[in-house]
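The following report describes the architecture of a single protein chain.

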Amino acid sequence: MSKITVSGGKPLKGRVDLKGAKNLVTKAMVAALLGDGPSELRDVPFISDVEIVSRLLQLHGVQINHAEDGTMSLDPSNVKSARMVDIDAHAGSSRIPILFCGPLLHQLGEAFIPGLGGCHIGDRPIDYHFEVLRNFGAVIEELPNGTRLSAPKGLKGAKISLPYPSVGATEQVLLTATRAEGLTELSGAAIEPEIMDLIAILQKMGAIISVDTDRVIRIEGVKRLGGYSHRALFDRNEAASWAAAALATKGDIFVGGARQQELTTFLNVFRKVGGAFDISDEGIRFWHPGGDLNPVVIETDVHPGFMTDWQQPLVVALTQAKGLSIVHETVYENRFGFTDALVEMGAQIQIYRECLGGTPCRFGQRNFNHSAVISGPTPLKGADIRVPDLRGGFSHMVAALAAEGVSNVTNVQLISRGYEHFLQKLTDLGADFTYSENE
Ligand code: EPZ
């Protein structure tokens with residue numbers, strides 16, 4: 001386990017540059033499996049989620065090269081079944097393997113998926129995924145160490161309706177329907193920018209996909225797909241994270257590669273809180289303009305709403321706003337565990353089971369602590385913290401950097417699942433810290 005010892009209380013100032021979005025790149029890598037020729041994906045970050053997906057693809061015979069500049073080539077010409085024991089070695093490491101199902105069924109007629117991992121921010125079931133796959137004609141068999149899938153009659157297009165616009169389940173449909181026989185109509189689809197970028201990639205490969213304005217996606221199955229050449233969409237979650245870090249530490253950060261279009265909802269809230277930003281062709285500069293920050297009421301939601309992944313870093317900044325802020329988390333039932341450490345550092349945050357936003361959500365009247373009231377401003381002081389998950393971990397680091405005194409933050413390797421060159425970026429921003437491995 002790795003540890004960072006932070007001397008906080010210094011504003012973060014400088015420049016960070018973004019690469020492609022974790023939540024697109026990993027799916028785009030899986031899409032390459034569907035092609036009968038090589039693909040090239042540019043701006044692929046060096047993060048551990050990418051490493052895990054690379055290893056799983058390599059086990060299935062995909063040849064991968066990830067160059068220093070972030071260009072990745074993926075050649076699926078020799079796709080083969082992998083040994084169960086080798087796949088199983090990756091159990092619990094990521095959620096992406098569930099998306100291998102459709103492409104492997106198309107390429108090999110069978111798939112084996114290990115137990116899934118990912119951040120512990122709720123139960124994170126995969127029932128929608130399995131329901132979707134059954135709709136296409138897949139037969140699913142649960143084994144003690146994973147799930148085996150087959151498609152004895154091939155995969156056929158289907159009419160599917162999702163109970164909630166799940167990002168992963170929408171991607172499952174896209175990656176399965178493009179080569180399934182006939183027409184697929186998906187209603188209740190997620191329409192996050194990363195999904196639109198995945199659709200762009202699939203279209204480059206030869207897929208026929210149309211997106212209506214009412215969350216309906218139609219896919220006409222084609223017999224074969226080729227490779228693609230694509231520059232990945234920038235990581236808007238990383239952009240929002242650094243923006244929140246600038247605000248919480250009273251700093252000034254230029255985020256190279258950030259674009260306004262995919263961040264408009266975030267920028268509105270950032271402005272209401274009292275943060276300043278300046279948008280240029282090259283990126284967005286975020287800074288604390290001085291004076292008091294304002295409290296806000298936020299409800300997380302699916303796109304085009306305020307993303308759940310932005311909530312955690314922003315909560316740290318809200319501990320410094322003058323008054324009561326409310327955050328109603330409507331995407332995950334259990335994403336406020338990270339606030340315990342903030343309270344230990346001096347923040348005043350209370351968590352409620354009730355829906356405290358304007359819209360009752362599916363977690364109301366149930367035992368889920370999914371609303372937070374943050375009362376500020378409260379000075380933060382250094383503490384010993386253990387990183388709980390990716391975004392929560394980033395938030396803890398920001399809190400430690402904003403706090404007076406010394407903090408010891410352990411389990412920090414989790415942050416490298418989604419933030420490329422995290423320690424180097426902190427150094428570039430003038431953070432005062434030391435890093436040690438195997439604590
Ligand atoms: C993706 O997760 C992202 N992960 C998450 O980012 C992100 O928070 C989330 O989408 C929402 O935008 C990746 O892209 C790898 P969902 P995903 O399916 O696809 C429920 C980060 O920090 N659900 O949209 O797993 C689920 O429990 C990560 O970068 C079911 O009930 O999210 C949740 O409450 C964290 N059954 C809701 O739907 C299912 O079968 C939305 O989940 C699937 C989902």
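A crossing of two helices is called right-handed if the near helix is turned clockwise from the far one by less than a right angle, and left-handed if the turn is anticlockwise. The model discussed here is predicted.

## Helix packing

By that convention, helices α1 and α6 form a right-handed crossing. Helix α1 spans residues 22-31 and helix α6 residues 167-177; their axes come within 11 Å and cross at roughly 25°. Angles under 35 degrees count as roughly parallel, and α1 and α6 are therefore roughly parallel to each other. On the α1 side the contact is made by N23, K27, V30 and A31, and on the α6 side by V167, E171 and L175. By residue class, the contact of α1 with α6 comprises 4 nonpolar, 1 polar and 2 charged residues.

The crossing of α10 and α12 is right-handed. Helix α10 contributes D309, Q312, P313 and V316 to the contact, while α12 contributes R391, G392, F394, S395, V398 and A399. The residues in the contact of α10 with α12 divide into 5 nonpolar, 3 polar and 2 charged.

The two pairs are set side by side below.

| Helix pair | Axes come within | Crossing angle |
|---|---|---|
| α1 and α6 | 11 Å | roughly 25° |

## The four-stranded sheet

An open sheet of 4 strands has the order β21-β22-β1-β23, with mixed pairing. Its edge strands are β21 (384-386) and β23 (433-436), each of which pairs on one side only. From one strand to the next, the twist averages 15°. Helix α12, residues 390-402, packs on this sheet and touches β1, β21 and β22 (406-410); the direction of α12 makes about 30° with that of β1.

Strand β1, residues 3-7, pairs with β23 in the antiparallel sense over 4 bridges. Within this pairing, V6 stands opposite F433 of β23.

## The three-stranded sheet

Another open sheet consists of 3 strands in the order β6-β8-β7, and its pairing is antiparallel. Strands β6 (110-114) and β7 (139-143) stand at the edges with a single partner strand each, so one side of each is left without a neighbour in the sheet. The twist in this sheet averages 20° from one strand to the next. Strand β7 and strand β8, the latter covering residues 146-150, run antiparallel and are joined by 5 bridges.

Helix α4, residues 101-108, lies across β6 and β8 and runs at about 150° to β6. Helix α5, residues 127-135, lies across β7 and β8, running at about 140° to β7.

## Domains

How does the domain assignment divide the protein chain? Domain 1 consists of residues 3-18 together with 234-436, and domain 2 of residues 22-231. The C-alpha centres of domain 1 and domain 2 lie 30 Å apart. Between them, 24 residues of domain 1 are in contact with 23 residues of domain 2.

## Backbone geometry

Most residues other than glycine have a negative phi, and most peptide bonds are trans. The following sites depart from these patterns.

The peptide bond joining H303 and P304 is cis, with omega about 10°. P304 is located in the loop between β17 (297-299) and α10. A cis peptide bond also runs from G376 to P377, with omega near 0°. P377 belongs to the loop between β20 (371-376) and β21.

D43, a residue other than glycine, has a positive phi near 70°. The loop that holds D43 lies between β3 (39-42) and α2 (48-59).

Methods:
Residues numbered from 1 in each chain as written. Predicted model: local features only at pLDDT ≥ 70, side-chain atom pairs only at ≥ 80, totals over all residues. Heavy atoms only, no water. Pairing = 2+ DSSP bridges. Helix = DSSP H or I, 4+ residues; strand = E, 2+ residues; numbered from the N terminus. Axes fitted to C-alpha atoms, helices over the stretch in contact; angles between N-to-C directions. Contact = heavy atoms within 4.5 Å. Parallel < 35°, antiparallel > 145°, perpendicular 65-115°, else oblique. Nonpolar A, V, L, I, M, F, W, Y, C, P; charged D, E, K, R; others polar. Domains from an automatic or database assignment.
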